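Let's walk through this one by asking and answering. Take a look at the model first.

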Amino acid sequence: MAITEKHEELTLEELIDQGFEAAYTIESKKMIIKEGYATFAFKQTAYAKSHFYKLVDLFYQYVSPTNMRITPQEEKEQFLIEIKPVLLTESSQELVELLESVLVSGKINKRSRGIYIDSDLEVVRVKVTSDLKEELQQKAKELGK
């Protein structure tokens with residue numbers, strides 16, 4: 001189902017019959033194995049030229065559906081988009097500012113080859129005794145972690 005700028009709801013068949021065609025093909029990409037997601041929040045809108053749809057297009061092209069999740073949050077009238085860490089070979093300051101303005105968690109880093117979107121997960125490696133490990137696991141279980 002698609003919604004046009006005139007708020008018409010059309011099926012895929014109706015779109016094709018009216019001469020609409022895909023702007024690009026969404027390619028399936030390899031699963032990104034780096035842990036974590038960067039999360040973005042967007043207000044729900046039917047306006048086809050909104051920043052939300054521009055960024056969704058960009059994410060589909062660079063990240064692919066394999067490495068992203070879109071979750072509607074009806075109570076807040078917004079969408080959450082979670083994407084795996086990725087380098088976008090776009091580098092405009094406008095895009096950096098747009099990404100930062102809707103970023104909920106994660107990091108946006110401008111690099112020489114583009115914009116790197118990263119999760120905010122950090123690795124912490126600690127060696128402890130087996131007794132302390134058991135104690136930490138018990139406390140985590142009590143806290144529901």
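A pocket is found on a 1 Å grid over the protein atoms alone: it is an open set of points where a 1.4 Å probe fits, with protein on both sides within 12 Å along at least five of seven lines, and lining residues have an atom within 4 Å of a point. Helices (H or I, at least four residues) and strands (E, at least two) are DSSP runs, numbered from the N terminus. This is a predicted model, where local features need pLDDT of at least 70, side-chain atom pairs count only at pLDDT 80 or more, and totals for chains, interfaces and linings use all residues. Residues are numbered from 1 along each chain as its sequence is written, and side-chain values use heavy atoms, leaving out hydrogens and water.

Q: Which helix gives the most to the lining of the second largest pocket?
A: The lining here is His51, Lys54, Leu55, Leu58, Glu90, Ser92, Glu94, Leu95 and Leu98. With four residues, the top contributor is helix 2.

Q: What is the volume of the largest pocket?
A: Volume here is the space filled by probe spheres set on the grid points, which are joined across faces, edges and corners. Strand 1 (2–3), helix 1 (12–17) and helix 2 each give two or more residues to the lining of the largest pocket, and helix 2 gives the most, with five. The volume comes to about 980 Å³.

Q: How many nonpolar residues are in the lining of the largest pocket?
A: Sorting by class, Ala, Val, Leu, Ile, Met, Phe, Trp, Tyr, Cys and Pro count as nonpolar, Asp, Glu, Lys and Arg as charged, and the others, Gly among them, as polar. The lining has three polar and three charged residues, and its nonpolar ones number 19.

Q: How many residues does the largest nonpolar core have?
A: A nonpolar core is a set of buried Ala, Val, Leu, Ile, Met, Phe, Trp, Tyr and Cys residues joined through side-chain atoms within 4.5 Å. Those with the most contacts inside this one include Phe40, Leu55 and Leu99. Strand 3 (38–43), helix 2 and helix 3 (93–102) are among the elements that each supply at least two of its residues. The core's count is 23.

Q: Is Ser64 buried or exposed?
A: Ser64 sits in the loop between helix 2 (51–62) and strand 4 (68–73), with a positive phi near 75°. Buried means under 20% relative accessible area, exposed over 50% and partly exposed in between (1.4 Å probe, protein chains only). Because its relative accessibility is 0%, Ser64 counts as buried.

Q: The side chain of Asn67 reaches the backbone nitrogen of which residue?
A: Asn67 is in the loop between helix 2 and strand 4 and counts as buried because its relative accessibility is 1%. A polar atom of its side chain lies 3.0 Å from the backbone oxygen of Lys30. At 2.7 Å, the side chain of Asn67 also reaches the backbone nitrogen of Ile32.

Notes: Polar contact = N/O pair within 3.5 Å; in protein donor to acceptor, adjacent residues only side chain to side chain.
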